[in-house]
Amino acid sequence: MLWFSLCRQVLQNRIESFKANEIRFNLLAIVSDRRLVCTKRIHELEEEKAIIVKELEASVGGKGLGGSDDLQARLEQIDEQLADARVKLEAENDKVQRYQIENIRRKHNYVPLIMELLKILAQRKELVPLMEKSIEKVKSKKEEAEKQHKTLPSNPSV
């Protein structure tokens, strides 16, 4: 844990070197894969369930029905926890799949596609009208923003 205290001190010194209203860095936590945590929890619950099922079978098999209600309640509780853990695992798997697709899209080179679209628009003689329309749209938005800025009451006390 020596590295942790050293790291904490260095980070605190760096954070203190910035003004309170500035954000120039991002701290990320190193955590274990949630899918592994969920999978481990599922295995633990399945093992516990197997033990309880054996105990229930033994108690119903002639050794008495003394604690079977408690065991049955615990079995239902474990089944609910298993269902929750499986839902969480599925959600994590879906999230990882979305992240993979997002990474592919982020890393893909779209320049050739954009160039080809621009060439096609130019061949159809649609590029220049679209550019002019876009320029007009930007100008109108800019004028609208200026009008709103002028109509806002100024508050000298602020």
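Trainee: What should I know before I start?
Mentor: This is a predicted model, in which local features need pLDDT of at least 70 and side-chain atom pairs count only at pLDDT 80 or more, while totals for chains, interfaces and linings use all residues. Residues are numbered from 1 along each chain as its sequence is written, and side-chain values use heavy atoms, with hydrogens and water left out.

Trainee: How many helices and strands does the protein have?
Mentor: The protein has five helices and zero strands. Along the sequence the pattern reads α-α-α-α-α. Helices (H or I, at least four residues) and strands (E, at least two) are DSSP runs, numbered from the N terminus.

Trainee: And what share of the residues is buried?
Mentor: Of the 158 residues in the protein, 9% are buried. Buried means under 20% relative accessible area, exposed means over 50%, and partly exposed lies in between (1.4 Å probe, protein chains only).

Trainee: Is Glu-92 buried or exposed?
Mentor: Glu-92 is buried, at a relative accessible area of 14%. Glu-92 belongs to helix α3, which covers residues 68–107.

Trainee: Which residues does Glu-92 touch?
Mentor: Leaving out residues up to four places away in sequence, Glu-92 touches Arg-34 and Arg-35. A contact means heavy atoms within 4.5 Å.

Trainee: On contacts, what part of them links residues 24 or more positions apart?
Mentor: Such pairs account for 57% of the contacts in the protein with a separation of 6 or more.

Trainee: New topic: how many salt bridges are there?
Mentor: The count is seven salt bridges. A salt bridge is a side-chain nitrogen of Lys or Arg within 4 Å of a carboxyl oxygen of Asp or Glu.

Trainee: How far apart are the closest N and O atoms of Glu-44 and Arg-41?
Mentor: In that salt bridge the closest N and O atoms are 3.8 Å apart. Because Glu-44 and Arg-41 are three residues apart in helix α2 (residues 34–63), about one helical turn separates them. Glu-44 is partly exposed at 36% relative accessible area, and the value for Arg-41, also partly exposed, is 36%.

Trainee: What about Glu-46 and Arg-86?
Mentor: Their side chains form a salt bridge with an N to O distance of 2.7 Å. Glu-46 lies in helix α2 and Arg-86 in helix α3, so this pair ties together parts that are 40 residues apart in sequence. Glu-46 is partly exposed at 32%, and Arg-86 is partly exposed at 42%.

Trainee: And where do Asp-79 and Lys-49 lie?
Mentor: Asp-79 and Lys-49 form a salt bridge whose closest N and O atoms are 2.9 Å apart. Asp-79 is in helix α3 and Lys-49 in helix α2, so the pair links distant parts of the chain, 30 residues apart.

Trainee: How many disulfides, then?
Mentor: The count is zero disulfides, a disulfide being a pair of cysteine sulfur atoms within 2.5 Å. As for individual cysteines, Cys-7 is partly exposed at 33% relative accessibility, whereas Cys-38 is buried at 12%.

Trainee: Last one: which residues form the nonpolar patch on the surface?
Mentor: The patch consists of Tyr-110, Val-111, Leu-113, Ile-114, Met-115, Leu-117 and Leu-118, with about 630 Å² of accessible area together. Patches are made of residues with over 30% relative accessible area and no salt bridge, where like charges are joined within 9 Å and nonpolar side chains (Val, Leu, Ile, Met, Phe, Trp, Tyr) within 5 Å. Accessible areas come from the Shrake-Rupley method with a 1.4 Å probe, and for residues only the protein chains shown count as cover. Met-115 lies in helix α4 (residues 111–123) and is partly exposed at 44%.
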